[in-house]
Amino acid sequence: MNAGWTATRAWLLMLPLLIVMLSVIGWPFFDTVRLSFTDARLVGTGGDFVGFANYERLFSSRAFRRAFLVTTQFAVVSVLVEVVLGVLVALLLYQNFRGRNVLRALLILPWALPTVVNALLWRLIYNPEYGALNALLVQIGLLDAYRSWLGDPNSALVALIVADAWKNFPLVALISLAALHAVPHDIKAAAIVDGAGALARFRFVILPYLAGPLMVALVLRTIEAFKVFDIIWIMTRGGPANSTRTLSILVYQEAFSFQRAGSGASLALIVTLAITVLAVVYVALIRKSAGAQF
Amino acid sequence: MHRSKNFLAAMLVSTAMAHPAIAETNLNALFMAQAAYSEADVRAMTDAFTAANPDIKVSLEFVPYEGLHDKTLLARGSGSGYDVVLFDVIWPAEFAENNVLLDVTDRITQEMKDGVLPGAWTTVEYNAKRYGMPWILDTKYLFYNMEILAQAGIAAPPTTWAELSEQAKAIKDQGILDHPIVWSWAQAEAAICDYTTLVSAHGGAFIVDGAPAFQTGGGLDALEYMVDSYNSGLTNPNSKEYLEEDVRRVFQNGEAAFALNWTYMYNLANDPNESRVVGKIGVAPAPGVAGKSAVSAVNGSMGLGITATSQNPDAAWNYITFMTSQPTQNAYARLSLPIWASSYDDPAVTAGQEDMIAAAKVGLAAMYPRPTTAGYQEMSATLQQAIQEALLGQASPADALAMAAEGGL
Amino acid sequence: MERQNLGFTIFLYVCAALLALMILAPFAWLFIMSISSTNDLVSKPLRWWPVETDWSRYRILTDFTPNSHGAALMSALGNSIKIAAIATVAALMVSVPAGWAVSRTPAVGWSLWLVIGTYMLPPVALAVPLYMGLAGLGMLNTKIGLAIVYLTVLAPFTTWLLKSGFDPIPRDLEKAAAIDGARLDQMLRIIILPLAAPVIGTAALFAYLLAWDEFFYALLFTSDYRAKTVTVAIADLAGGRVADYGLIATAGVIAALPPVIFGLVMQRMLISGLTTGGVKG
């Protein structure tokens with residue numbers, strides 16, 4: 001069995017996957033690129049070549065700039081909340097106490113809940129007249145009167161982020177927990193012997209082990225948050241006054257509600273580009289942190 | 001004519017050959033899951049149809065109104081999509097230009113032409129062609145809680161929008177309710193329906209000579225009224241995230257003195273299983289504006305059409321004819337009123353809802369259309385944003401509408 | 001573990017209680033809504049436990065008369081089960097050989113990165129051509145069509161997971177088998193697959209849950225009982241003006257049960273899968 005045959009065999013084994021990927025991702029992607037330079041409609045005309053007209057129109061549009069800002073806010077804040085909460089929960093569950101294993105099992109629940117169900121559950125909770133949140137906050141005295149959560153542009157995005165973070169923090173927590181367990185015991189013991197305080201131990205002993213896995217979780221969650229569609233579609237549909245309209249919702253509207261497939265395609269590609277840039281920056285950071293560590 | 005003869009022949013043949021192994025026709029029909037006929041009503045009507053036509057099987061699909069347009073459009077690409085679709089009065093232009101619906105002008109009989117209210121036909125017309133049968137004939141009415149009005153010493157419901165504000169203020173000032181009026185102003189078509197009602201009251205127009213005209217005159221007055229009502233606290237502030245069902249829930253809970261909503265709320269809010277205001281509900285045509293209009297109304301009707309991709313257009317038309325027939329509509333007139341003129345004087349229809357019928361006779365005659373344009377969806381989305389920005393104080397009504405008129409995406 | 005003083009222990013238990021509350025309260029509320037009467041749900045102040053439990057929504061949603069709420073939800077559940085199964089099997093069929101190839105032959109590794117890189121593509125960047133393509137093939141509103149589209153999400157993910165799972169399996173076994181003259185397919189079937197069964201199971205579970213959760217493509221590419229999935233059915237129910245919050249909550253409970261039970265029963269598998277990706281990434 002020579003090296004050449006091994007490589008050929010490997011490629012043969014890869015072939016089905018590559019064929020599938022080419023047909024369900026490769027071709028559609030390149031077709032989206034082609035469409036983005038046309039004025040194609042969703043039904044009917046195939047469209048004519050219009051050069052960069054779609055892109056120019058988008059970059060000068062208020063809706064695009066706003067959606068970009070909203071998406072970035074959503075992605076940055078929700079991921080930040082998830083990471084901080086996730087690490088704290090992991091540190092808690094790393095301690096020894098009774099019921100720890102039950103709690104770990106519970107952690108899987110929000111993550112397993114379908115996104116759509118999560119969205120409608122929180123929509124009911126945020127209901128301005130009959131929702132549980134208003135009732136709870138008023139009954140314990142934190143709020144004077146019932147208020148609108150999803151109907152107020154100042155709180156709608158925050159409310160969405162809370163709902164999203166509640167579902168997704170367990171993922172970060174579970175990954176961090178596994179990373180904590182990978183920290184060798186003697187290193188921790190040594191740090192305690194050296195008399196390092198809890199904070200210093202976290203910073204210098206634990207964090208280096210957490211950094212790698214955490215960055216992976218961060219990249220995954222950021223990419224997902226940037227693509228967000230379903231939770232917003234169900235909870236606010238982009239309202240009020242488009243204050244929660246993310247890029248994916250905008251693409252849906254352009255391409256499917258207004259039938260402008262060409263313009264929708266160009267918008268989708270800009271989203272893709274933004275995500276790619278983000279991911280590359282993150283991966284560079286991961287490399288750097290991994291390099292510093294090993 | 002030729003077609004209907006064929007159709008008749010086909011019907012005769014199929015009944016003549018009614019042996020057990022007969023080929024079954026499958027129809028897929030798309031409806032909306034809300035206002036107007038309930039899902040149970042649509043189901044019962046359909047059951048009656050299939051009982052009379054055992055060779056036809058009908059599968060029903062219910063989606064929210066908000067998904068109805070996109071679903072219809074998206075299903076066009078599938079070879080075996082829907083056969084019958086419910087469509088809103090604002091879509092025939094777009095659906096006709098994109099060849100989504102079948103032109104059924106020639107299928108409509110003289111009997112239908114004579115019997116159906118003339119105004120109802122506008123629901124299905126575009127460029128002098130008809131793309132279906134009107135089915136839901138509806139507009140927004142002013143519902144009021146008679147008990148609350150009496151408590152506040154108000155003798156009669158308002159006949160002008162200014163009067164509505166005064167009465168609401170009286171109710172608020174007497175401490176009966178914090179926010180006496182409730183509307184459906186969520187970022188959705190529902191907000192445009194309320195806005196259109198006010199536009200018609202203020203003598204405004206959406207489009208004049210092909211150019212936007214809503215940013216001045218009556219169109220601007222309408223939005224300013226909404227914003228004033230919102231800012232003064234007379235309007236329930238949650239209206240900005242409400243759809244029709246939210247309005248109904250607040251109203252039937254006794255938490256609003258006034259509500260703008262469709263016909264269906266009258267009998268549902270009188271249902272003791274759900275409502276706390278049974279027997280206290282008054283209904284009137286939406287008010288007018290002194291010197292400009294006596295009443296106001298939006299054309300919120302919907303029709304049933306055959307999709308261009310249907311494999312069974314004849315069976316589909318058969319089904320539509322049944323669903324829109326006078327006997328069917330009369331039998332289910334509690335949540336949606338018939339399209340047939342003579343039904344409005346039929347005691348079987350009017351019994352128990354005389355007030356509703358009286359309001360409908362006036363309101364339906366005053367229905368004002370939303371613009372007929374293939375680009376309606378986009379125009380509506382732009383207007384929805386303008387309305388919400390003005391309500392939320394992000395822009396003045398004049399600025400918000402001016403921006404919408406420029407078509408700022 | 002270091003010794004703990006009393007204050008710290010109390011602090012731990014308070015935090016643990018808060019965490020449990022945070023996780024469980026929304027679930028509990030979803031369930032309580034599903035058994036509360038409409039009157040209780042719209043009362044002020046809000047009733048946290050119904051005066052009288054009302055199980056009628058469960059009866060409504062398990063009544064399968066044609067064209068009813070229950071029938072619609074049930075057909076959507078059936079579609080979800082089938083579509084997720086087809087997509088999972090298809091994804092494994094392409095990703096098991098590919099994952100093994102990448103694990104054993106690093107020379108082809110770069111192609112895996114290309115495949116994983118597609119994760120960055122938002123569904124909206126593929127949706128229009130996929131829609132047109134499915135329409136052209138007459139596969140809109142079909143279970144197979146949607147399952148094929150789901151491969152865009154599932155296949156890269158399972159390949160990545162499987163590759164990380166295959167890595168620790170020793171190569172000596174394969175070498176020995178090769179010397180004994182085993183063919184490639186025999187080697188895979190007799191030696192690799194049994195050893196890799198746990199990781200393949202994990203990948204399958206993940207793929208299934210991902211497919212179950214998918215909403216965007218299902219919203220676009222299905223229209224009725226023939227292929228509509230449970231996520232879209234739930235969204236239709238909640239987005240429609242169904243007046244009854246309890247019914248929405250009940251539908252939510254029913255749609256959440258399969259994945260949540262899966263998650264609880266197979267949590268070890270899930271956690272190992274989650275962390276394989278994360279830790280070894």
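Two strands are taken to pair if DSSP finds at least two bridges between them, where helices (H or I, at least four residues) and strands (E, at least two) are DSSP runs, numbered from the N terminus. This is a predicted model, in which local features need pLDDT of at least 70 and side-chain atom pairs count only at pLDDT 80 or more, while totals for chains, interfaces and linings use all residues. Residues are numbered from 1 along each chain as its sequence is written, and chains are lettered from A and ligands numbered from 1 in the order in which they are written.

**The sheet of chain B**
- In chain B, 5 strands form an open sheet of mixed pairing, in the order 2-1-3-14-6.
- Strand 2 (56-63) and strand 6 (133-136) of chain B are the edge strands, each pairing on one side only.
- Neighbouring strands of this sheet are turned by 30 degrees against each other on average, direction ignored, with axes being lines fitted to C-alpha atoms, for helices over the stretch in contact, and angles running from 0 to 180 degrees between N-to-C directions.
- Strand 6 of chain B pairs with strand 14 (residues 302-306) of chain B in the antiparallel sense over 3 bridges, and B:Pro134 stands opposite B:Gly303 in strand 14 of chain B.

**Helices on the sheet**
- Helix 3 (residues 65-75) of chain B packs on the sheet and touches strand 1 (25-32), strand 2 and strand 3 (84-88) of chain B, its direction making about 135 degrees with that of strand 1 of chain B; contact requires C-beta atoms, placed from the backbone, to lie within 7 Å.
- Helix 13 (residues 313-323) of chain B also packs on the sheet, touching strand 1, strand 2, strand 3, strand 6 and strand 14 of chain B.

**Chains A and C**
- Contacts link 79 residues of chain A with 82 residues of chain C.
- Helix 1 (residues 3-35) of chain A gives the most to the side of chain A that touches chain C, with 20 residues.

How values were computed:
Contact = placed C-beta atoms within 7 Å.
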